[in-house]
Amino acid sequence: MTERITPAMVNSSTLSALGSSLEALERTTDELSSGRTILEPSDNPYGASQVIDLQSQLDGLSGYESNAQDGISWENTASAAMSSINEVVQKVRELVLQAANGTDDQNDREMIAEQVEQLTDSVKQDANAQYAGEYIFAGTATTEPPYEQGENDEYKGNAETISRAVGPSASITISTDISTLLGNGEGSADGKLLDTLRTIAKDLRGGTPEDVKALSSTDLGSLDANIQTLTQLQATAGSATDQLQAALSRNEDLQTSIAGALSNTQDTNMAAASIAFANEQAAYNAALRTGATIVQESLLNFLQ
Amino acid sequence: MSIPTLQGLQTALSGLVAEQTALDTTGNNIANANTEGYSRETALLEPDPPLDIPAISTLTGEGAQLGTGVSVSNITRIRNVYLDAQYRAQNSALGGASTQAEELAQAQAAFDEPSSSSIASQMSSFWTAWNSLASSPTSEAAKEGVVAAGEQLASTFKQLSAQLSTISSQAGEQYAALTGEGGEVENYANQIAQLNGQIKLSEEAGQQPNEMLDRRDLLLDKLSSLANVTVTEEPDHTDTVSFGDAAKPLVEGTTVNWPQAITEASGGQLGALLGLTGPKGALTGLQSGLDNVAETLIATVNEHLAKPFFSGESAATLAVAVKPSEVQASGTKNPGGNEVALAIAGLRGGAAEHGYATLVEKLGSDVQGAKDEQNNLQTTVTAINDQRQSVSGVSLDEEMTNLITFQRGYQASARTLTAMSELLETLIEHTGVVGL
């Protein structure tokens, strides 16, 4: 004897077929409307942990990106300040040459000395350049200006460096130690720029033939040495900017590739999902149609 | 010796009665076609003892036997007890797997991954905040950002930990409700014990109490979803029911032994509830896993700082211990220093994050496994139930056919009665009446 089939069996299998068709349809609808294949970790446990990892990497990269951009702006401010110092120093050099050629009298040299003193202040002002409220030439003592205006030439900053992280365990130093150029002024006799400028002013006011001679020999020599140092500092800052630019473009490449990996892991393949949706809809319709037909059939319909 | 004059009427009457009983049984089947737990019934018809007629043949002098009609020997239910045992075994497993899947799905919902409010996102924001502080170590806004991100992360940890505790304690409450006084276990056991008594009496009186047997079987089916059930039918037709790994049978004759201690080895819904919240259970594992992540986070962040940023030692106690003004980007007094902030921002992708991702992966595969198991068992249970339905279920087509068969049988018996009546009429009214 064949297996007996009862209406209850037909009903339960029809219902369970309808249920599973509808469930598949709902799942695909969720994927299509959210654009995600991983709606909860059980959909793809390994994928879910990958998403956490990749998303964090991506967030990290966007942090590194803003660090690099911030570093570049910092370096731009520093370079502008150093260019301005350079202009001042070139101007002083011209004045020294003018005073040293002997045609000027003591009055003229006094006036030049005054100009040199004003220019010294403007150098110190450039050294007090700020970026986003921080003094960029003060080492890590960024809240106080490294140089005071006026007589006191002492460096108030420190020799520590500031860096920006541009990748995991990759950071670039963005601070410039301006004290290697400017020094501590007259009293220190360190031969740095401020000392040189103070000496030049003193020699201009001195008026003796030795002083005038010193202008064109030792003073000019010191000034040239200082210019050399400045050029080096500018080169270092320029190279930091280049490194930051390179890090920035590497960062963009990485962001593109990680965003791609993230999308592969968690985003819905719209084409595939749309086709699956159409298939599931057809299956559901078929289940509904056959179900509606079979549950109505009975011998009762044919008995008179 | 000849055939008794009125025997034909008796035979026809027995046919009428038997066909009517069969019709009634069919009617009862149709009425119960959609009753849960009902087994179709059939009236067993048996020929009545024949009448011995000695020397009926004048030719050979041999006797013969004449049938005297039909009677209904019994109305039995059609049921396969082996399928019942299989069904109950799988149903227990299904009860366990469903509970497991349900509870773990709740835990998964509490984790809320992937989303922007999950721990993973908050942790990522926390590292980003430290990175911003590294870029502007003197900024008050950046310090506040670090503390705000830290507080948000800590409160998400706390919330999740509390949600997991709630799920655990709800599982405990559910277990207590099912097993407690007036709970399902006791309720079912009492009804089964009562039915045992009634069934015993009926059987002793020589009746087959089909409806009570069906009800007892249905109760055993329901009980099997709570824990493993083994049923032994005793000679007096009572069922002895052993339940999970309880020491004594839950029901023995009319006695109920409940409450009893059971363990997670009992299977079914109760076994799963005990297992989930037990020391090696999945919920307990999630809670301790989350605590480990919190501990790692606290340790890896605090080791870079002179004044601890986080306080607490578990997910539930995690908190930010500093005010924004106390956040230091550097270990030195220099305002522009940022080496500490850089180091903490560099914890991104480190042990805490990795531990959390592993926890989520483990939870995901547990939920996936539990759901798969639930689906497989559901298929098995449905298949066994279909087999049971195939044996015991009411088929309306069949009943309709039976209805016509028995109706026709009844009509034919009635016709026999009419024929017999006419026969007797001839005999009584017309015999010996000549020429009137």
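Asp112(B) is partly exposed, having 18 other C-beta atoms within 10 Å; on this scale a residue with 20 or more such neighbours within 10 Å of its own C-beta atom is buried, one with 12 or fewer is exposed, and partly exposed covers the range in between, with C-beta atoms placed from the backbone. This is a predicted model, in which local features need pLDDT of at least 70 and side-chain atom pairs count only at pLDDT 80 or more, while totals for chains, interfaces and linings use all residues. Residues are numbered from 1 along each chain as its sequence is written, with chains lettered from A and ligands numbered from 1 in the order in which they are written.

Although Asp112(B) is not a glycine, its phi is positive, at about 55 degrees. Asp112(B) lies in the loop between α2 and α3 of chain B, where helices are DSSP runs of H or I with at least four residues, strands are runs of E with at least two, and both are numbered from the N terminus. Pro114(B) is also placed in the loop between α2 (81-111) and α3 (119-135), and a cis peptide bond, with omega of about -15 degrees, links Glu113(B) to Pro114(B).

A cis peptide bond also joins Trp258(B) and Pro259(B), here with omega of about 5 degrees. The loop that holds Pro259(B) runs between β8 (255-256) and α7 (268-277) of chain B.

Turning to chain A, Ala189(A) is a non-glycine residue with a positive phi of about 50 degrees. Ala189(A) sits in the loop between α4 (179-182) and α5 (193-206) of chain A, and counts as exposed because 12 C-beta neighbours fall inside 10 Å.
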